[in-house]
Amino acid sequence: MDLKNNKMKILLIHGPNLHLLGKREPDIYGSATLSTINSELKKISIKNNITLTSFQSNSEGDIVEKITKTKYDLLIINPAAYTHTSVAIRDALLSIKKPSIEVHLSNIHKREDFRKKSLISDIVIGTISGFGKLSYELALTAAISYLKNNKSKRETKS
Ligand code: DQA
């Protein structure tokens, strides 16, 4: 929660090579650039009174730092290639005790065998995979709905 303005905060992390979206294998990942995706998500967040911060890094250590040292209510993450290899990112997610959602542009289960295994799928709320840039919009919609639901549950309890 952003205490200054009472808004819920979502952190969106894009892993390695996603800075190349638009140019990178467009037949698999689509033609939208990362900045287009980020700005469309920002608009949806503003409409829903949510603060969205986007971060892209090609470095596993920087992603771990961002996950563990930033304040937010919910994390949306496309760990990209680290999905399939990074115990460090899995451990970071386990350490934060915040709800998180996994996103992929492509359907990782329809691709090479090494992409079928995600090291985080079993510790996130859910995974959205295979809808191109719409995957991100679906993840954000799910995140907003989750936060609103949980907020009203917290309010009913108190
Ligand atoms: C990806 C799928 C990964 O296997 C791949 O390494 C990526 C992108 C996706 O969004 O479809 O970089 O996470």
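User: What makes the contact of E40 with K133 a salt bridge?

Analyst: In this predicted model, the closest N and O atoms of E40 and K133 are 2.8 Å apart. A salt bridge requires a side-chain nitrogen of Lys or Arg within 4 Å of a carboxyl oxygen of Asp or Glu, so the pair qualifies. The pair links distant parts of the chain, with E40 in helix α2 (residues 34-47) and K133 in helix α5, 93 residues apart.

User: Why does E40 count as partly exposed?

Analyst: Buried means under 20% relative accessible area and exposed means over 50%. E40 has a relative accessibility of 24%, which lies in between, and therefore counts as partly exposed. K133, at 32%, is partly exposed as well.

User: Which parts do R90 and D122 tie together?

Analyst: The side chains of R90 and D122 meet in a salt bridge, at 2.7 Å from N to O. R90 lies in helix α4 (residues 87-96) and D122 in the loop between β4 (100-104) and β5, so the pair ties together parts that are 32 residues apart in sequence.

User: Why is D122 called exposed, whereas R90 is called partly exposed?

Analyst: D122 has a relative accessibility of 56%, which is over 50%, so D122 is exposed. R90 has 22%, between 20% and 50%, and is therefore partly exposed.

Methods. Residues are numbered from 1 along each chain as its sequence is written. This is a predicted model: local features need pLDDT of at least 70, side-chain atom pairs count only at pLDDT 80 or more; totals for chains, interfaces and linings use all residues. Side-chain values use heavy atoms; hydrogens and water are left out. Helices (H or I, at least four residues) and strands (E, at least two) are DSSP runs, numbered from the N terminus. Buried means under 20% relative accessible area, exposed over 50%, partly exposed in between (1.4 Å probe, protein chains only).
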